[in-house]
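Visitor: I'm new here and would like a friendly tour. Could you show me the structure, and then I'll ask away?

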Amino acid sequence: MLNPARFVWKTFSKSFVYFLFALGSLTLITAVFPLIVLFAHPASRRSRALRYATFLTFRLMISFSWLLGLVKIRISAEDRKKLKTLRSAVIVANHPSLLDITILISFLPQADCIVNAKLFERPIVRHVVRRLFVPNSLDFGEILSASDRSLGEGNCLVIFPEGSRTKPGIKPVIKKGSVRISLGTGRPVVPIRIDANDMRGLRKGDPFWRINLKGRYHYSFTVLDPIDPALYAAFEQPIAARKMAADVYRILFPET
């Protein structure tokens, strides 16, 4: 049972992290992004600068989350280096909590994402995602074309193949979009398994005030071996996508 003082502190620290995210986003769109758009040329250089500014902002946010006692992240030095230098890959990961994408981008200097189209309508956040990320409301041909351009620029495309946060007690189901992009662009899939403790308060459908009763939110990130789409070249596209998606599922959810 969490004592009242600890509950108040945990709720405050969680609220403060959300405030920092909003403040960081506001700073990006009002101060940082306009300067980059004005002075960074050509467009490819501007895109890299915008993504790197987002990477630094998210890294700062995660650092504050650690200082406030909200999160603890474990990732090996080798895996951290892999993510820092990784280019032109489709990254797939399981999705246990609200902070997953923020933590992942804090490891990836050149990250791109396919994000929920609803984010393009939210105050503050929409001004960031519109400049950087791809909405999932586009038809697949447009998504594939945008993904191919981004991957060709050296960016890493982060996708949660479940489509939404994992629901506790429900067997995960993954969609084939990520593997179809890999097969369509010829870029490898790099699976990242996220192991987490009690994510209460950060899971899908949890009320804001709910928190982890055991202390910090603990995360462990493991970068697994890449999957080469060429391994499925002998199969017709629908069969190749099904087989590749099954392999991704076995890697991300080995115990299900």
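Visitor: How many cavities of 30 Å³ or more does a search of the whole structure find?

Guide: A quick note to begin with: this is a predicted model, where local features need pLDDT of at least 70, side-chain atom pairs count only at pLDDT 80 or more, and totals for chains, interfaces and linings use all residues. Residues are numbered from 1 along each chain as its sequence is written, and side-chain values use heavy atoms, with hydrogens and water left out. On a 1 Å grid over the protein atoms alone, a cavity is a set of points where a 1.4 Å probe fits but cannot get out, while a pocket is an open set with protein on both sides within 12 Å along at least five of seven lines. With a cut-off of 30 Å³ or more, the search of the whole structure finds 2 cavities.

Visitor: What is the volume of the largest cavity?

Guide: Its lining, meaning residues with an atom within 4 Å of a point, includes Lys 10, Leu 70 and Tyr 217. By class there are 3 nonpolar, 3 polar and 3 charged residues in that lining; Ala, Val, Leu, Ile, Met, Phe, Trp, Tyr, Cys and Pro count as nonpolar, Asp, Glu, Lys and Arg as charged, and the others, Gly among them, as polar. Volume here is the space filled by probe spheres set on the points, which are joined across faces, edges and corners. For the largest cavity that comes to about 40 Å³.

Visitor: Which strand gives the most to the lining of the second largest pocket?

Guide: That pocket holds about 500 Å³ of space and is lined by 21 residues, with Asn 94, Pro 96, Thr 166, Ile 194 and Phe 253 nearest its centre. Strands (E, at least two residues) and helices (H or I, at least four) are DSSP runs, numbered from the N terminus. The biggest share, 4 residues, comes from residues 189–196, which is strand S6.

Visitor: Why do the buried residues of H7 line one face of the helix?

Guide: Buried means under 20% relative accessible area, exposed over 50%, and partly exposed in between, using a 1.4 Å probe and protein chains only. In helix H7 (residues 177–185), the buried ones are Ser 178, Val 179, Ile 181, Ser 182 and Thr 185. Looking down the axis of H7, and taking directions from the helix axis to the C-beta atoms, these residues line one face because they fall within an arc of 155°.

Visitor: Is the pair of Phe 21 and Phe 58 stacked, edge-to-face or tilted?

Guide: Rings of Phe, Tyr and Trp (its six-membered ring) pair if their centres lie within 6.5 Å; planes under 30 degrees apart count as stacked, over 60 as edge-to-face and the rest as tilted. The whole structure has 7 aromatic pairs. In this one the centres are 5.7 Å apart and the planes sit at 50°, so the pair is tilted.

Visitor: Is Ile 227 buried or exposed?

Guide: Ile 227 sits in the loop between strand S7 (217–223) and H8. Leaving aside residues up to four places away in sequence, Ile 227 touches several residues, including Pro 188, Tyr 232 and Met 244, where contact means heavy atoms within 4.5 Å. With 7% relative accessibility, Ile 227 counts as buried.
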